[in-house]
Amino acid sequence: MHTRGSQGSNSRVYGSRISTLLFSMFATFASIYVAGRLWQDSENRVYLIKELDRITGQGQSAISVDDTLKIIACREQQKKLSALEMELATAKQEGFTSNFLSQNDGTNSKKRHLVVIGILTRFGRMNNRNAIRKAWMGTGITLKKMENEKGIVSRFVIGRSANRGDNLDREIDNENKHANDFLILDNHVEANEGFPNKAKLFFAHAVDKWDAEFYAKVNDNIYVNIDALGATLATQLDKPRVYIGCMKSGAVFSELSHKWYEPDWWKFGDKKSYFRHASGEMYVISRALAKFVSINRSLLRTYAHDDVSAGSWFIGLDVKHVDEGRLCCSSWSSGAICAGV
């Protein structure tokens, strides 16, 4: 009995020693692992601080990653503005040729156009379109050259006939087959009262089809000075939400017989005056605003006129309104961007 008790006691002591040994080994390995991770994290922090000091030139101080990104962004913006200044200096001597921005996704280089010009036209106005082609837009190789060298895309914008597939539609399809310079809005029916909605659809479809810095709406009786337009838009590249045009604020007419009758005249207060907006002959909006129009196309209200409608879309937004006198197309003057033809 005494012997068996001694053996049991010795076994318990032996097992306890093994448990203690295993626990000690586990604690040792855990300590080594934790120490290693702390050392690694410490090394990473030292490396990051040195890199931030090197990038920002702050010497002994460490700054946050957010502040570092802001500094880098400012430096990139400064480089961009310096490049624009050189480009504009060259444009004054040789005429504007846009070295429009490039985006690189790592494998493919994609050029971003400077501006997409939508010339809103209608059925039966081929003479106007031919005059524009001859005066400033060009055709074929000339049209393509303007896109590739100056980053300026230009298209006639038109909808479909109420009698889908009739002679009016076929004439436009045939003209486009030869000229290849139309943006045809298949979901828009051509009508005089539908002009504001047509302008909205142009911006929505254009920003989906072409990646550009700006999008311009032009009437089909307007002459555009491409070089002057390009040089002017290059000075606005630092403004992400910009609305450019010949700004005005005219009277609202409530008389049904008046040429400029506004069905929603009662919305504009007792004095019946429109809010500030760009004249409809030609106006330009930045990419961010065109995307806003595209996303909200089903919600944006249109009024009797497309210029008033466009102005209303941007009233509640943080938008820079640029009153550009050279976009007042009613009369031609030296340095003007547009004029009636």
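**Entry 1: aromatic rings**

I looked up F182 and found it buried, with a relative accessible area of 9%. I take buried to be under 20% relative accessible area, exposed over 50%, and partly exposed in between, with a 1.4 Å probe and protein chains only. I note that this is a predicted model, in which local features need pLDDT of at least 70, side-chain atom pairs count only at pLDDT 80 or more, and totals for chains, interfaces and linings use all residues. Residues are numbered from 1 along each chain as its sequence is written, and side-chain values use heavy atoms, with hydrogens and water left out.

I then searched for aromatic pairs and recorded six in the structure. I counted rings of Phe, Tyr and Trp (its six-membered ring) as a pair if their centres lie within 6.5 Å; planes under 30 degrees apart are stacked, over 60 edge-to-face, and the rest tilted. F156 and F182 form a tilted pair, because their ring centres are 5.7 Å apart and their planes stand at 45°. This pair links distant parts of the chain, 26 residues apart: F156 belongs to strand β4 (residues 152-160) and F182 to strand β5 (residues 182-189). I number helices (H or I, at least four residues) and strands (E, at least two) from the N terminus as DSSP runs. F156 is also buried, at 0% relative accessibility.

I looked next at F203 and Y283, whose ring centres are 6.1 Å apart with planes at 40°, so I class this pair as tilted too. F203 lies in helix α6 and Y283 in strand β9, 80 residues apart, so the pair joins distant parts of the chain. I found F203 buried at 1% relative accessible area, and Y283 buried at 0%. Ring pairs also connect F202, F203, Y243, Y283, W313 and F314 into a cluster.

**Entry 2: charges over rings**

I checked for charges over rings, that is, NZ of Lys or CZ of Arg within 6 Å of the ring centre and within 35 degrees of the ring normal. The charged end of K209 sits over the ring of W210, 5.2 Å from its centre. R301 lies over the face of Y303, 5.2 Å from the ring centre.

**Entry 3: disulfides**

A disulfide is a covalent bond between the sulfur atoms of two cysteines.

One joins C246 to C328, with an S to S distance of 2.0 Å. The two cysteines come from distant parts of the chain, 82 residues apart: C246 is in strand β8 (residues 242-248), and C328 is in the loop between β10 (320-323) and β11 (338-340). The link of C246 and C328 is right-handed, with 90° about the S-S bond. Is C246 buried or exposed? C246 is buried, with a relative accessible area of 13%, whereas C328 is partly exposed at 26%.

The other disulfide is formed by C329 and C338, with sulfur atoms 1.8 Å apart. The link of C329 and C338 is left-handed, with -80° about the S-S bond. Both C329 and C338 are buried. When I numbered the bonded cysteines in sequence order, the pairing read 1-2, 3-4.

**Entry 4: pockets**

I worked on a 1 Å grid over the protein atoms alone: a pocket is an open set of points where a 1.4 Å probe fits, with protein on both sides within 12 Å along at least five of seven lines, and lining residues have an atom within 4 Å of a point. Grid points are joined across faces, edges and corners, and a volume is the space filled by probe spheres set on the points.

The largest pocket holds about 790 Å³ of space. It is lined by 33 residues, and the closest to its centre are N219, W260, H305, D306 and D307. Elements giving two or more residues to this lining are α6 (195-209), β6 (212-219), β9 (277-286) and α9 (306-313). The largest share, four residues, comes from β9. I sorted the lining of the largest pocket into 13 nonpolar, 11 polar and nine charged residues, counting Ala, Val, Leu, Ile, Met, Phe, Trp, Tyr, Cys and Pro as nonpolar, Asp, Glu, Lys and Arg as charged, and the others, Gly among them, as polar.

The second largest pocket holds about 160 Å³. Of its 12 lining residues, E213, L237, K239, P240 and R287 lie nearest its centre. By class, this lining has four nonpolar, two polar and six charged residues.

Key
A disulfide is a pair of cysteine sulfur atoms within 2.5 Å.
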